[in-house]
Amino acid sequence: MVSTPSLPSAAHEIADSVLLTDEEAEQFLHKFPLPHILETLQRGTLSYQATEFVCAALRKVFSTSYGVQQLPAATPYALEALDASSYALRRLGCQQLGAALPAVSADQQQRIAGALVEALTDKDTGVGCDAAAALQQYGSTQQGFQDLVSPQGAGHQLSAVLASSNPVVRMRAIALVFGLGGQFETSGKILQKSGLLQPLVKELTNVQDPLTCLSALSLLKEQMEQASSSRLQSLLANFFLPHLEQLLRQADSIVKPMTMQVAAALSAAVVKASNTDTQDGNKSSAPATMVISSIKQVLDVNGRDDFSVAEEQAALDALCELGMQQGGAEAILLHPCRVIQDVTSKALGRAPSPDVTLAAVHALATIAGAERLEAVISSAAEEALKAAVYDGAASSSHQGGPAHVLLAYLEQPFTDLRIAAYRLATALGLRGWGAGEMCLHSGLLHHLCNPKTETSRQGCEFRYACLQALAATTRSVLSASETTSDATAREILTAAAPTIQLGVSQGVYGTGQGRAASMEHQVATMQS
């Protein structure tokens, strides 16, 4: 019989060793056979530290070449360890079962996978996470994936875990399922048909329970962001978007704002994947149609006026999600409902509150390309943007065009509004007509070229970025042939060029320094 004191001592020595040889691993298991180790640990007579040393030693032993060879024979003990009172022993069981899976028969694999699925419900987070990691690795093989998604295999148990009343367990299981979807070219489609996503769908569409709905929406967005590939994101987005469409029709004012944002994020994922896979912009914008129509209902300046500020902000934030992608921006600009007119009306005209104005200015800046590598959009979308910007400014209380409104915002004492205005001015300044409009307004041009108009670091940097956009557009317009450039913009920018160049030469802070932080801007030239 193994004496209890000698086991912790030997385990401590192995745990602290830098490199464990096969011979040392074999000697340890010969002196302390697994049944005796397991019996000792389950008696609970060892201290917490001694138990940790024993588990650490076993991890090292089974990581050696000799230990790996012993894993198939050790699986019964690892399975027994999953029921131990010690969480350290349960974690060790999960880890060693995961390591043993590739080396055992198909029948044993199914048994082990089932046990690991049950371990997902363990009250200890470490045990549950180790079980999930082992299953994720198992699912990276064709056989393992089929076992985990099949009702005839571990998929049946996984379905039960996905329906758990414990939100932490449910989240762990859903994260595992999403991870499985990215393993193979066809795994996403197989996952959609497996039924494993239905528990989340059920929660998403449970409009009678807003808290459950909101939790499911948050989980879906988080898992989409963590999805292993854009292909998987697109597949899952296409699966969930019809359910979100149903939710948008039924949701109340509590659930609807987040639903719009998640639906927009999912649509943006589809758009991004489509832009990667095809050059056909019309195809890429199709998934956004439903979301834009729902957003239109909230933002419509000629429609209902009983939507809350939070709902309008959420709708505008959702447009930001879409507008980050070129296909999404074009979908917004060219949608028959003309939601862009509502955006510009609230951004440059009259909005129900300052918060909505701020959100609308940011949304318009994003749609115009403030965050995209290139602000370029199709010629039809560009014309729609231009018309909407001028129409929005025409509804403003400020006399004049878009430049008058931008200057009015930049002269406000509110930093958040000024930053938003700089973002919009930068995006508009990357287009010939926008740069011409801004440079024609002497007050706005002076503000942008004068480093003393801003005192904060953030304000100075945004002002200078806007000035650089004007400089890039000016160079582009003046270097183009007269037959290809807008004559009016060319005349205005020719006159403004010296002023712009002087402003650029003064740097970010007006000292001639800080130009190293300058940005390279891609001027937006219209695509046919």
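Contact here means heavy atoms within 4.5 Å. In this predicted model, Leu220 touches Phe178, Leu200, Leu204, Phe240, Leu244, Val262 and Leu266, leaving aside residues up to four places away in sequence.

**Helix H15**
- H15 runs over residues 230–250, which makes 21 residues.
- At 1.5 Å a residue it should span 30 Å, and its end C-alpha atoms are 29 Å apart, so the two values agree.
- The helix has a kink of about 35 degrees at Leu241, shortly before the proline Pro242.

**Nonpolar cores**
- The largest nonpolar core holds 142 residues.
- Leu220, Phe240 and Leu244 have the most contacts inside this core.
- H15 is its top contributor, giving nine residues.
- Another core, of 32 residues, lies apart from it, with Leu38, Ala57, Phe62 and Ala74 among its members.
- In soluble globular proteins, nonpolar side chains tend to be buried together.

**Cavities**
- There are two cavities of 30 Å³ or more.
- The largest cavity has a volume of about 160 Å³.
- Its lining counts 15 residues, and Leu34, Leu58, Tyr77, Ala78 and Leu92 lie nearest its centre.
- Helices H3 (34–43), H5 (65–81) and H6 (87–100) each give two or more residues to this lining.
- H5 gives the most to the lining of the largest cavity, with five residues.

Technical notes
Residues are numbered from 1 along each chain as its sequence is written. This is a predicted model: local features need pLDDT of at least 70, side-chain atom pairs count only at pLDDT 80 or more; totals for chains, interfaces and linings use all residues. Side-chain values use heavy atoms; hydrogens and water are left out. Helices (H or I, at least four residues) and strands (E, at least two) are DSSP runs, numbered from the N terminus. The expected span of a helix is 1.5 Å times one less than its number of residues. The bend at a residue is the angle between axes fitted to the seven residues ending there and the seven starting there. A nonpolar core is a set of buried Ala, Val, Leu, Ile, Met, Phe, Trp, Tyr and Cys residues joined through side-chain atoms within 4.5 Å. Buried means under 20% relative accessible area, exposed over 50%, partly exposed in between (1.4 Å probe, protein chains only). On a 1 Å grid over the protein atoms alone, a cavity is a set of points where a 1.4 Å probe fits but cannot get out, and a pocket is an open set with protein on both sides within 12 Å along at least five of seven lines; lining residues have an atom within 4 Å of a point. Grid points are joined across faces, edges and corners, and a volume is the space filled by probe spheres set on the points.
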